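Okay, thanks everyone, let's get going. Have a look at it on the screen.

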Amino acid sequence: MEVDSRIVLPGDVIDVDEESTIVLGPGLRQEGDQIVAMKAGILQHLPVGNRYWIESNQKRYIAATGESVVGTVIAKMGEYFRVDIGTAHSAVLPMLAFEGATKRNKPNLNVQSLVYCRVSMANPDMEPELECVNPKTGKADGFGELVGGFVIKCSLGLCRRLLNPNTPILSYLGEHFPFETAVGMNGRVWINSEEVKNTILISNAIQNSEYLSADECKQMVEDLVNKL
């Protein structure tokens with residue numbers, strides 16, 4: 001799957017392929033008939049689905065519709081949960097936004113519970129809204145409460161790379177340990193494995209892999225495994 005890329009600055013007008021429906025991601029917005037960059041970074045274009053977005057290594061996460069995030073429940077209200085996803089304002093997770101949830105059968109999440117969600121609505125003037133179902137299937141598809149495990153914070157750029165199927169670090173770690181991950185595009189990664197020492201090793205390896213090549217990642221993983 002090839003991705004075209006180039007560097008852009010705020011205010012740059014983006015030339016897009018208008019032959020099919022255009023999907024805009026983070027860092028881009030439509031002004032009249034033009035697509036304009038809102039931040040500096042690398043413009044990415046994925047021909048499959050005609051998707052455009054800007055990849056940058058900013059510190060604060062800005063919610064964008066359709067992105068997956070790892071959040072912490074900070075309050076339980078009447079019909080919804082308040083969830084911290086690292087944005088300027090807490091997000092809202094309706095109790096009915098779960099697979100099989102009804103007014104009589106609502107999820108029972110406690111404060112400080114971890115959840116893997118999808119941003120269903122993001123507006124600069126409103127709180128982000130989350131959901132724990134795939135809107136296309138109505139099923140959980142991996143979204144929901146995260147039980148056990150450990151959460152680490154990474155740069156937004158590293159999290160986006162971890163979601164790439166060709167990322168080497170997760171493949172090399174998978175050759176030595178069985179583990180689960182939930183990568184949020186908000187700079188949080190949930191990791192769960194059979195032993196605590198393995199979870200710590202995996203966490204350190206992921207955080208240290210940000211500026212390493214594929215060969216360096218492989219050597220680092222082998223060195224860490226040999227020290228166990």
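So, the chain splits into domain 1 (7–55), domain 2 (67–146) and domain 3 (150–226), with bounds that come from an automatic or database domain assignment. Bear in mind that this is a predicted model, where local features need pLDDT of at least 70 and side-chain atom pairs count only at pLDDT 80 or more, while totals for chains, interfaces and linings use all residues. Residues are numbered from 1 along each chain as its sequence is written, and side-chain values use heavy atoms, with hydrogens and water left out.

Let's go to domains 2 and 3. Their C-alpha centres are 25 Å apart. Domain 2 puts 12 residues into the contact and domain 3 puts in nine residues, contact meaning heavy atoms within 4.5 Å.

How much area is buried between domain 2 and domain 3? It's about 840 Å², and carbon and sulfur atoms give 56% of that. Buried area here is the accessible area (1.4 Å probe) that two parts lose on being put together, summed over both. On the domain 2 side, Glu67, Val70 and Leu146 lose the most area to domain 3, together 50% of what that side buries.

Which strands supply the domain 2 side? β8 (68–76) and β11 (114–121) each bring at least two residues to it, strands being DSSP runs of E, at least two residues, numbered from the N terminus. β8 has the largest share, five residues. By type, that side has six nonpolar, four polar and two charged residues; Ala, Val, Leu, Ile, Met, Phe, Trp, Tyr, Cys and Pro count as nonpolar, Asp, Glu, Lys and Arg as charged, and the others, Gly among them, as polar.

Gln112, in the loop between β10 (91–94) and β11, has phi near 80 degrees without being a glycine. Gln112 is exposed, because its relative accessibility is 57% and the cut-off for exposed is over 50% (1.4 Å probe, protein chains only). Asp141 sits in the loop between β12 (129–131) and β13 (144–146), and its phi is about 50 degrees. At 47% relative accessibility, Asp141 counts as partly exposed, the class between buried, under 20%, and exposed.

Conventions: Helices (H or I, at least four residues) and strands (E, at least two) are DSSP runs, numbered from the N terminus.
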